[in-house]
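Please read the following report alongside the sequence and the model.

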Amino acid sequence: MESFTRFKIWVLAFSLVFQRGYAYYREGSYPQKYVVGDTLSVKVNSITSIYTEMPFGYYSLPFCKPQDGVKDSAENFGELIMGDRIENSPYRFMMHTNESEVFLCQSGPLSADDLKILKKRIDEMYQVNLILDNLPAIRYTKREGLFLRWTGYPVGIKVQDAYYVFNHLKFTVLVHKFEEANVARVMGTGDAAEMIPTNGNGGLDNPGYMVVGFEAVPCSILHNAKSVKNLKMYDKYSSQIKCDPTTVAMSIKEKEPIVFTYEVSFEESDIKWPSRWDAYLKMEGSKVHWFSIMISLMVITFLLVIFLRTIRRDLTRYEELDKEVQAQMNEELSGWKLLVGDVFRAPTNASLLCVMIGNGVQILGMAVVTILFAALGFMSPASRGTLVTGMLLFYMILGIAAGYVAVRLWRTIGCGDHKGWVSVSWRTACFFPGIAFLILTTLNFLLWGSHSTGAIPFSLFVILILLWFCISVPLTLIGGYFGAKAPHIEYPVRTSHIPREIPAQKYPSWLLVLGAGTLPFGTLFIELFFIMSSIWMGRFYYLFGFLLIVMILLVVVCAEVSLVLTYMHLCVEDWKWWWKSFFASGSVAIYVFLYSINYLIFDLKSLSGPVSATLYLGYSLLMVLAIMLATGTVGFLSSFWFVHFLFSSVKLD
């Protein structure tokens with residue numbers, strides 16, 4: 001009875017977690033209650049631009065600094081890798097206390113270098129990113145009758161030949177009254193549950209509030225520099241300030257200072273704390289996602305029906321014939337039966353194939369587990385960097401699977417030979433991480449040269465190398481050890497000593513293999529557009545439920561495409577199916593890379609400078625390599641299982 005009760009509790013807990021992940025994104029933290037008059041501190045993140053894709057520090061521009069100095073907030077691996085640099089700011093609010101004409105600071109006279117870099121950041125459309133209670137500042141604009149929302153606000157604007165800076169901010173903080181629970185706890189189980197009411201009035205005499213919205217309106221105000229000489233930070237400005245975002249007045253000039261001010265107002269909102277991210281994560285184009293999924297399901301059904309009918313027809317016709325008729329009609333019925341002595345002949349560069357399959361298993365497993373956790377709400381955009389951190393963690397742990405699969409496949413190809421498994425394990429542990437390290441190091445030098453916060457700090461580089469060689473490599477070697485101890489897969493037929501000559505083909509087989517990638521790409525490209533927009537256009541991506549469905553469909557399509565291509569090659573007596581089954585589905589990476597080039601030309605056409613283009617192409621190349629290994633692994637493993645099943649299901653003499 002006790003075990004049954006525990007089972008019910010676990011089921012209830014899982015249901016609550018799943019329901020919570022479906023309804024809204026978990027914040028990764030508990031609601032913060034503020035009493036009237038409590039201090040609210042605004043933090044700043046790196047300034048960003050979709051025109052350069054290179055983040056820079058907030059204080060690289062002549063902005064006001066806090067009185068107690070600039071301090072870094074706690075950051076994780078993901079934040080550092082993504083270029084986030086969260087620091088404290090001089091902006092300070094009092095809960096539910098409206099303030100206006102608040103003087104912040106007056107910068108020193110702009111030097112020639114300050115003026116040059118400020119103009120450059122304005123030309124490159126850099127956005128300032130502020131954070132309050134883990135909520136990014138959001139800005140609403142109206143264009144052609146539509147309301148558009150942006151995170152952050154621009155540094156300034158260029159009008160004709162003059163440059164104007166936004167030196168006054170109008171903040172609106174949306175708050176929701178903290179709702180005390182009427183029940184303190186539940187004691188007992190089943191019918192014996194007792195509810196214990198809370199004592200007192202629940203804090204109604206001194207109600208608390210939660211921050212559920214943070215809006216910012218930037219304005220360019222021409223202040224009188226002489227009138228602020230005696231003002232200190234947070235003093236009231238001498239005259240009234242009218243913030244009109246449609247007009248600009250504060251032009252920047254050399255040897256002239258900039259005066260910064262702000263105002264803040266608090267508004268009570270019906271938005272509840274769990275739904276406060278809805279404004280940032282509002283889903284658009286859901287019909288497009290469902291349409292893409294339906295098309296993919298149709299393709300899967302079409303391929304599956306054709307393939308199963310063809311295979312079933314061939315096997316049925318073959319099994320109904322007696323041996324004499326089989327001998328007479330061998331070539332006419334099934335060309336693949338003639339490959340009995342060659343179908344499992346070891347491929348060229350077998351060790352490289354094993355290494356790539358091992359890496360593909362590792363990447364695919366990392367993607368599936370990460371997306372699953374994100375779909376359940378454990379990796380929300382509110383918890384910055386958790387997605388990248390989770391990917392690194394899962395990738396390292398799955399080194400065991402990579403080593404196991406690579407070594408066991410190596411032993412299967414070598415008919416059980418243990419020799420060389422250590423070398424295969426080492427190459428598996430270093431193949432993809434080594435290529436990724438080379439690409440990231442090259443790009444990091446470019447970011448270092450540009451003084452961008454997107455550059456990975458040297459200390460983090462050292463930590464990543466230590467994680468690679470102290471955790472990932474040993475786990476891969478452990479997986480390889482278990483793969484060497486596990487029994488290899490026995491082939492159902494014997495391989496002849498003399499390889500069979502492959503008949504001349506009407507069309508190059510590799511042409512068909514490379515063209516097969518169009519079907520998996522058709523499943524992927526709609527979601528790929530939203531992912532690319534999230535990465536390069538500064539938008540939030542949270543449609544992990546759709547992404548999980550697309551991932552499953554992509555795996556199925558890759559498996560089916562590879563099976564069909566492998567069977568077609570066997571039917572024309574082409575026994576070199578190993579690498580072709582890998583690239584039949586792995587060739588989707590070619591079309592992803594071509595799509596990346598298309599996205600660069602048409603969607604990121606304003607991307608400025610060779611450094612930005614190099615960064616884009618470098619990261620795209622790394623993504624394409626990962627996709628090729630993951631999808632190619634799906635195709636190969638499904639084809640290997642199919643070929644093994646096919647030649648195990650027929651009577652062979």
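Patches are made of residues with over 30% relative accessible area and no salt bridge, where like charges are joined within 9 Å and nonpolar side chains (Val, Leu, Ile, Met, Phe, Trp, Tyr) within 5 Å. Accessible areas come from the Shrake-Rupley method with a 1.4 Å probe, and for residues only the protein chains shown count as cover. The model is a predicted one, in which local features need pLDDT of at least 70 and side-chain atom pairs count only at pLDDT 80 or more, while totals for chains, interfaces and linings use all residues. Residues are numbered from 1 along each chain as its sequence is written, and side-chain values use heavy atoms, with hydrogens and water left out.

On the surface, V422, W426, F437, I465 and F469 form a nonpolar patch, and together they have about 410 Å² of accessible area. Helices α10 (421–449) and α11 (458–485) each supply at least two residues of this patch, and the largest share, three residues, comes from α10. (Helices are DSSP runs of H or I with at least four residues, strands are runs of E with at least two, and both are numbered from the N terminus.) F437 has its place in α10 and is partly exposed, with a relative accessible area of 30%; here buried means under 20% relative accessible area, exposed over 50%, and partly exposed in between (1.4 Å probe, protein chains only).

## A buried serine

S587 is found in the loop between α15 (578–586) and α16 (588–603), and with a relative accessibility of 2% S587 counts as buried. A polar atom of the S587 side chain lies 3.3 Å from the backbone oxygen of V513. Apart from neighbours within four places in sequence, S587 is in contact (heavy atoms within 4.5 Å) with V513, L514, A516 and G517.

## Charged pairs

Side chains of opposite charge can pair when their charged atoms come close. The structure holds seven salt bridges, each being a side-chain nitrogen of Lys or Arg within 4 Å of a carboxyl oxygen of Asp or Glu. In one of them E101 pairs with K236, the closest N and O atoms being 3.0 Å apart. Because E101 lies in strand β4 (residues 99–106) and K236 in the loop between β16 (208–219) and β17 (259–268), the pair ties together parts that are 135 residues apart in sequence. E101 is buried, at 11% relative accessible area, whereas K236 is exposed, at 51%.

Another salt bridge joins the side chains of D133 and R276 (2.9 Å, N to O), and both residues are buried.

Notes
Polar contact = N/O pair within 3.5 Å; in protein donor to acceptor, adjacent residues only side chain to side chain.
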